[in-house]
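Subject: Handover of the model

Dear colleague,

I am passing the structure below to you, and under it you will find my notes on what came out of going through it. Please read them with the structure open beside you.

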Amino acid sequence: MSPSAQQALIRVVLPVPLRREFDYLCSQPLPEAGCRVRVPFGNRTLVGLVLSHPQTTELDPARIKPVTAVIDNTPVLNEADRKLLAWATQYYLHPPGEVYFQALPTLLRKGEEAGYRPVESWHALEGDNSSLNRAIKQREAYELLQHTPMTPGELGARGVTSATLNALAKKGLAEKRESLPARTHWRGKVTINEDAKPRLTTEQALAVSVLQQANRFSPFLLEGITGSGKTEVYLQAMEPVLKAGKQVLVMVPEIGLTPQTIARFQRRFPLPVCTLHSAMNERERLDAWLACQDGSAAIVIGTRSALLTPFDQLGLIIIDEEHDSSFKQQDGFRYHARDLALLRAHQLNIPILLGSATPSFESLHNAAAGKYQLLTLSQRPGTATVAEHLLLDSRHVQLEAGLSPQLQQLMAEELGKGNQVMLFLNRRGYAPVLLCHDCGWLADCERCDAHYTWHKNGNRLHCHHCDHQRPRPPQCPQCGSSKLVGTGLGTEQVEQALAMLFPQYNVIRIDRDNTRRKGSFEQHLEGIRAGKYQILLGTQMLAKGHHFPDVTLVAMLDVDGALFAGDFRAAERLAQLYIQVAGRAGRASKPGRVVLQTHHPDHALLQDLANQGYRHFAHTALEERRQAGLPPYSYQALFRCQATQGEACREFLVPLAQQLAPALPASVLCLGPFSARMERKAGQYRYQMLLQANSRRELASACRHALAIADSLPAARKVRWSLDIDPQEL
Ligand code: ADP
Ligand code: ZN
Ligand code: ZN
């Protein structure tokens, strides 16, 4: 069809779970690609994003609807942004609308104007101020405002109340105005705080000189042990980029975006630094997003989603802790921010720097294949020492709340010297299982194939998989016995035991249960730094990136479970965690010890890690992956399916696998359907089907084929299913 002269076609994506684009009619002048529109969709109105202006459409002309409204005059996503998202849509084979909308902050998804919120400020007005002689507070406020206009916040900080301001307003001496925040123009005025720069180690200097010369697409892997000064390398690599007026994106894991991190960048560069993370409210996110897009932010520090944010002129991407699993989104649009970051750097022809003490196997593999340039920091600057590693055999010894006598002895020694000790247990609560001593009844979550964790605080049962909570029953519901006992170890229990074993020292527990309140985590960290606590106990929250110079002993209480987990990535994750935890010891001038308590002291993985280090371990483990044909030596895609009945999942996945199999080349493996490791979670049965191939192209074509079959199966409508490309968890 060909639309009328006044109206033309636009092609949009909509935030709906359909793998397609939609055509609408729009009157001239047409909104540019990258602008938002409102369109009718079924009986709703949706916000859509314009992708193109097609000449023709396959739809029946009578059925094409006109747009309801055009929202933007200028695109919210420019061509480069859209190219990245178009590629991501193809690569992840995900519904395009969900991909594109992931790049927009919530307010823009809702159709809100893409502009800064005006800020309020008070201004002094000329007028008869004789009446202020007797009103001291009003006079003081008036004098302040005569000097310069101020926001209500700034005035509040100076003790000026709104009552005072309103009184001034009534007298016609002040008024509140709204205006847009002034944009900071930092380009061409970049200064660097040279005082904050240390003298680089030889290895740092080498890395910095290589990085500072990089000016086109080139991926670097900076492998540096904890405390080796990776951040310093980042800071110096950023210098020439910022001086050239280009923006820098620094991506950090969820847990790493602390005020200390931000302060470190801010101290070196007195430039606009903006942060992007999930704890921000909608308005804050939009303002930060706009600052990236219009270039008023020089440095952007953000978590996973920051990668999809548009930039005005991005010159460098840095990914700290590149191995961290939080860079992969685990629901909806399941992208990996590190992988997309590489693509983005490639498209923009800029360098990208991945840093870690424990690089992912994917990145090590890429470095070995020559795709990434490897930079190494193997030493800590100054007098900082590298820790000694010990494996403590916990067989045949009496453990007290998970602590062997040997460990207690080591703790007592360090504490006696005035040092801090850090204990690590990746399980919060009091005990991971509550059972009846008389009949063996287990407190199991009704909605998951999992036990409740017993939390003594609040005396409740909590399922850590579906978040369901209930009071701990006073008696066994099966036999009426009151002998309900916890088995296994959680942080609450260790905390209690520590108070008995080491009454003269203060213990601080850090896990998700006691850091829920905003700012409480920070408060605990401050307390640790100030020396208020001598024994630090926590889950992996404590393990990541915090510097405690007085910690000289770090112990992992229980990792045995992880040694025998079924997932082929479990060993890699355990090793990364171990090295991360180990990195907490001996960071300053004091030598440190790392202790791992285990019932399997002869386990090859633990021996390798403790005696040879991560690199050696990774080498061995990668060789095993190669022989088994597992990623990164092959590529995987996982069809996930869930429903309230397991049968419904099988009714979908079994015919899917059956119809797909004959169409697959021999080089593509199709496994399953099989149940997820935890078959039932939050009342949903979960099944999956795995595709694996040695070439990405073959895998993608198999996935496309499978998607087409899935769309044709009526059983697909009775379940929730999704496709996960490069799944991190099977
Ligand atoms: P990483 O990120 O590799 O764990 P950091 O960059 O946090 O290490 O550095 C660890 C500590 O060493 C920090 O306190 C940092 O200020 C300091 N540091 C880094 N480089 C140097 C150097 N060349 N000389 C002295 N101290 C340094
Ligand atoms: Zn019982
Ligand atoms: Zn549950």
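This is a predicted model: local features need pLDDT of at least 70, side-chain atom pairs count only at pLDDT 80 or more; totals for chains, interfaces and linings use all residues.

Residues are numbered from 1 along each chain as its sequence is written, and chains are lettered from A and ligands numbered from 1 in the order in which they are written.

The chain as a whole

The protein chain has 22 helices and 29 strands, where helices (H or I, at least four residues) and strands (E, at least two) are DSSP runs numbered from the N terminus. For 730 residues a compact globule would have a radius of gyration near 27 Å, and the 29 Å of the protein chain agrees with that; the radius is taken over C-alpha atoms, and the globule rule is 2.2 Å times the number of residues to the power 0.38. Along the principal axes, the C-alpha atoms fill a box of roughly 85 × 85 × 65 Å. Of the 730 residues, 41% count as buried, a class that requires 20 or more other C-beta atoms within 10 Å of the residue's own, with exposed meaning 12 or fewer, partly exposed lying in between, and C-beta atoms placed from the backbone. Among contacts between residues at least 6 apart in sequence, 74% join residues at least 24 apart, a contact being two C-beta atoms, placed from the backbone, within 7 Å.

Strand 12 (residues 314–320) is mostly covered, since seven of its seven residues are buried. Strand 9 (residues 247–251) runs parallel to strand 12 and is joined to it by five bridges, whereas strand 13 (residues 351–356) pairs with strand 12 in the parallel sense over four bridges; pairing here requires that DSSP finds at least two bridges between the strands. Ile319 has Leu354 as its bridge partner in strand 13. Strand 12, helix 11 (residues 337–348) and strand 13 also make a right-handed β-α-β unit, right-handed meaning that, with the strands pointing away from the viewer, the path from the first strand over the helix to the second runs clockwise.

In strand 23 (residues 535–538), Ile535 and Leu537 point one way and Leu536 and Gly538 the other way, and all are buried. Four bridges join strand 23 to strand 16 (residues 420–424), in a parallel arrangement, with Phe424 opposite Gly538. Strand 22 (residues 507–510) likewise pairs with strand 23 in the parallel sense over four bridges, and there Val507 has Ile535 as its bridge partner. A right-handed β-α-β unit is made by strand 22, helix 15 (residues 520–529) and strand 23.

Backbone points to check

Most residues other than glycine have a negative phi, and most peptide bonds are trans. The peptide bond from Gln28 to Pro29 is cis, with omega near -5°, and Pro29 is found in the loop between strand 2 and strand 3. A cis bond also leads from Gly672 to Pro673, with omega near 10°, and Pro673 is found in strand 27 (residues 669–681). Leu93, in the loop between helix 1 (79–92) and helix 2 (96–102), has a positive phi near 50° and is partly exposed, with 15 other C-beta atoms within 10 Å. Asn459 has a positive phi of about 40°, is found in the loop between strand 18 (453–455) and strand 19 (460–462), and counts as exposed because it has 11 C-beta neighbours inside 10 Å.

With best regards
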